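Morning, everyone. Please look at the screen while I walk through one protein chain.

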Amino acid sequence: MTAQSPPLPDTAADTPSVAHGPAAAPTAVLARFEEWVRRTPDAPAVLDGARTWTYRDLDTAATDLAAALGDRVRPGDLVGVCLDRSAALVVTAVALARTGAVYLPLGPRPGERRTQAVTEDLDVACLIGDPAVLPASHRTGERLPLPLPTEGVNAPAAAVAAFAAGRGTRRAPEGALYAVLTSGSTGRPKAVAVAEASLSVALDWYRAATGLAPGDRQSLLIGVAFDPHLLELWAGLTSGAALVPAPDDVRWDAHVLTDWWREAAVTVSVAATPTVEPLLDRPWPPGLRLRHLVVGGDRMRRRPGPDVTATVHNAYGPAEATVLATAYAMRGDDARAGETAPPPIGDPLPGVTVVVTDEDGRPVARGQDGELRVGGHCLALGYLDPELTARRFTAPPEDAAPPGVDRLYRTGDRVRMNADGTLEFLGRLDDQVKISGVRIEPAEVEAAFEQDDRVRSAVVTVLRDASGHARLVAHVRPADGARPETGDLLAAVRAWLPEQAVPGAVRLVDGYPLDANGKVDRAALADQATASVAPGDATAATGDDLADATPTQRLVLTAARDLLGRSATALGDNFTDAGGTSVVAARLLAAVERETGVRPRAHHLLRSTDLRAFAALLDTLLEQRRTPRPEGA
């Protein structure tokens with residue numbers, strides 16, 4: 001149930017739900033970076049551990065990379081970037097912008113089948129990344145060694161441009177700076193193309209809101225396949241600040257994140273809402289230089305408390321609106337600081353128009369629920385699929401068109417505009433769901449399962465825990481004569497899906513309940529998933545009774561069962577194979593710390609063969625804490 005706002009005054013109730021951000025005009029992005037190269041060539045541009053790259057270093061490295069690619073990559077070509085947060089990633093982004101190629105971030109270890117689907121659909125000129133982790137189709141073709149940095153915590157061991165024989169047909173529209181993948185209901189990801197002008201408007205707001213300037217340290221924290229990393233990357237480079245790539249552990253664990261902010265002296269950061277929320281549930285860490293924290297990707301469920309020393313910006317925006325379209329700033333001295341009610345997603349950014357509409361696209365009155373549509377300078381060029389672009393980027397009704405707006409993107413999000421023009425996020429209008437801040441189409445997950453010959457059909461439902469966090473459950477009907485293990489099915493779909501889209505549980509079913517219209521009754525399926533574990537589930541507990549467990553094993557297993565929502569999870573189960581994700585791992589580690597006072601690191605859990613091995617490691621850490629150190633040690 002969504003809390004209802006108090007009735008609006010009559011005058012507000014008659015006001016249409018349309019709001020315009022302050023006036024804005026597109027500016028340059030690449031030219032701003034090159035201006036800082038001229039003005040402060042010796043200033044730090046990337047700080048990665050003990051290694052510093054200056055603005056001159058980046059400029060030289062980008063020039064060398066563009067020369068190495070030569071005429072193999074031409075203006076308008078899509079280039080899949082398979083790199084992690086690093087100086088190599090930053091150099092690649094600058095070099096591709098200079099050549100006019102379109103930067104397509106796929107992440108450091110893209111799923112092989114997902115990447116194959118992308119390269120079959122899109123006209124991808126090459127993939128750039130470590131040859132050891134590139135898909136098989138790009139390991140055997142032509143490979144061009146690249147002069148990219150190989151130092152730093154996330155740096156590739158080597159880097160190549162890998163060319164495959166076949167190329168898809170869809171190219172990026174003219175003027176695109178980058179393209180990002182979003183979840184697709186057809187089972188194949190869809191790509192959104194964004195122009196430099198649209199990104200520039202978001203960057204202009206970001207610099208003004210945060211005061212980012214030379215001497216600042218901007219995090220490079222967001223996963224590379226997730227479009228907000230472009231906001232971080234170019235915000236640093238267009239402000240004269242230094243980018244600080246985050247080690248991978250930082251994204252898994254709120255404790256490690258705050259330690260890293262402190263040690264790296266980060267002053268401005270972007271983070272996913274599920275990562276930040278645990279920080280707001282406990283006292284704000286002392287000693288941080290963090291001034292501004294921009295969060296987004298999921299619904300924020302509480303306001304920062306009065307002890308939070310950073311300004312927290314609750315931002316909203318789909319990739320189709322160039323990372324973010326609205327924002328709401330919160331400070332520790334606000335009158336409502338610490339409230340546990342969800343804050344608004346705020347007002348439109350400069351150059352952005354937001355409209356809350358009915359099904360016909362007409363504005364509803366303020367205070368009424370409706371679909372959020374976004375227009376203005378923030379809009380992407382569109383999808384690489386023209387038909388999909390035509391469906392989602394539509395003209396407003398002629399008699400109700402906002403001034404100066406000829407296109408509106410239908411977000412599919414249900415919102416309400418308050419009397420003061422701020423927006424409250426209420427949920428999705430369709431089946432799409434956000435898992436750990438990433439938009440997921442259940443249909444894409446279903447299609448990934450159905451690629452397997454052992455699967456006749458699959459239906460994916462969403463379960464939420466008491467705190468509102470979502471997880472996916474796949475209900476799989478095996479093919480005739482097949483008896484697949486659920487762990488094997490999960491392993492197979494990991495090649496197709498990003499981590500957040502991999503279900504936390506798989507149920508094998510003989511059939512699906514139907515509603516009165518003969519459609520699959522997803523609510524009934526979700527109820528079944530809550531009440532039971534499928535027969536033949538690979539994680540079914542056999543001979544693994546809690547009564548026979550040690551106290552530490554009991555703690556680990558109970559916490560894992562609770563957080564995974566799977567009562568049959570056993571000590572012999574691998575955490576990731578049992579449905580564990582980065583967010584669940586962070587919560588499990590926090591639960592262990594509350595009970596024992598010991599804080600294992602994320603890799604302790606992720607690299608353990610199973611939960612029993614993790615419990616044994618925890619016993620070792622506890623013993624080390626209890627054993628007094630010899631004098632002088």
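Let me start with a definition. A charge sits over a ring if NZ of Lys or CZ of Arg is within 6 Å of the ring centre and within 35 degrees of the ring normal. By that test, R39 lies over the face of W36, with 4.2 Å to the ring centre.

Some ground rules now. This is a predicted model, where local features need pLDDT of at least 70, side-chain atom pairs count only at pLDDT 80 or more, and totals for chains, interfaces and linings use all residues. Residues are numbered from 1 along each chain as its sequence is written, and side-chain values use heavy atoms, with hydrogens and water left out.

Next, the overall picture. The protein chain has 17 helices and 28 strands. Those are DSSP runs, numbered from the N terminus: helices are H or I with at least four residues, strands are E with at least two. The radius of gyration is 25 Å, close to the 26 Å that the globule rule gives for 633 residues, so the protein chain is as compact as a globular protein of that length. That radius is taken over C-alpha atoms, and the rule is 2.2 Å times the number of residues to the power 0.38. Along the principal axes, the C-alpha atoms fill a box of roughly 65 × 65 × 55 Å.

How much of the protein chain is buried? Buried residues make up 57% of the 633 residues. Buried means under 20% relative accessible area, exposed means over 50%, and partly exposed is in between, using a 1.4 Å probe and protein chains only. The protein chain exposes about 25,800 Å², and carbon and sulfur atoms supply 49% of that. These areas come from the Shrake-Rupley method with a 1.4 Å probe; for residues, only the protein chains shown count as cover.

Now contacts, meaning heavy atoms within 4.5 Å. Take those between residues at least 6 apart in sequence: 68% of them join residues at least 24 apart.

Let's zoom in on L293. It is found in strand β14, residues 292–296. L293 is buried, with a relative accessible area of 0%. Leave aside neighbours within four places in sequence, and L293 is in contact with W261, S269, A271, V276, W284, T311, V312 and H313. R362 is another story: it sits 69 residues along the chain from L293, with 35 Å between the C-alpha atoms.

Why is helix α9 largely enclosed by the rest of the structure? Because 7 of its 8 residues, in the run 273–280, are buried.

On to cysteines. A disulfide here is a pair of cysteine sulfur atoms within 2.5 Å. A search of the whole structure finds 0 of them. Take C82: its closest cysteine sulfur, in C126, is 9.5 Å away, too far for a bond. C82 counts as buried, at 3% relative accessibility. C378 is buried too, with a relative accessible area of 3%.

C82 also meets a proline. P110 touches C82 and T115, not counting residues up to four places away in sequence. P110 lies in the loop between β5 (102–105) and α5 (112–121). Its relative accessible area is 12%, so P110 is buried.

Aromatic rings next. Rings of Phe, Tyr and Trp (its six-membered ring) pair if their centres lie within 6.5 Å; planes under 30 degrees apart count as stacked, over 60 as edge-to-face and the rest as tilted. The structure holds 5 such pairs. W205 and Y206 are edge-to-face, at 6.4 Å centre to centre with 65° between the planes. W205 and Y206 are buried. F393 and Y409 are tilted: 5.0 Å centre to centre, 40° between the planes. That pair links distant parts of the chain, 16 residues apart, with F393 in strand β21 (residues 393–394) and Y409 in strand β22 (residues 408–417). Ring pairs link Y383, F393 and Y409 into a cluster.

Last stop: backbone angles. Which residues other than glycine have a positive phi? A265 is one, with phi near 55°. T322 is another, at about 55°. A265 is in the loop between α8 (254–263) and β13 (268–272). T322 lies in the loop between β15 (311–316) and β16 (326–330). T322 counts as buried, at 1% relative accessibility.
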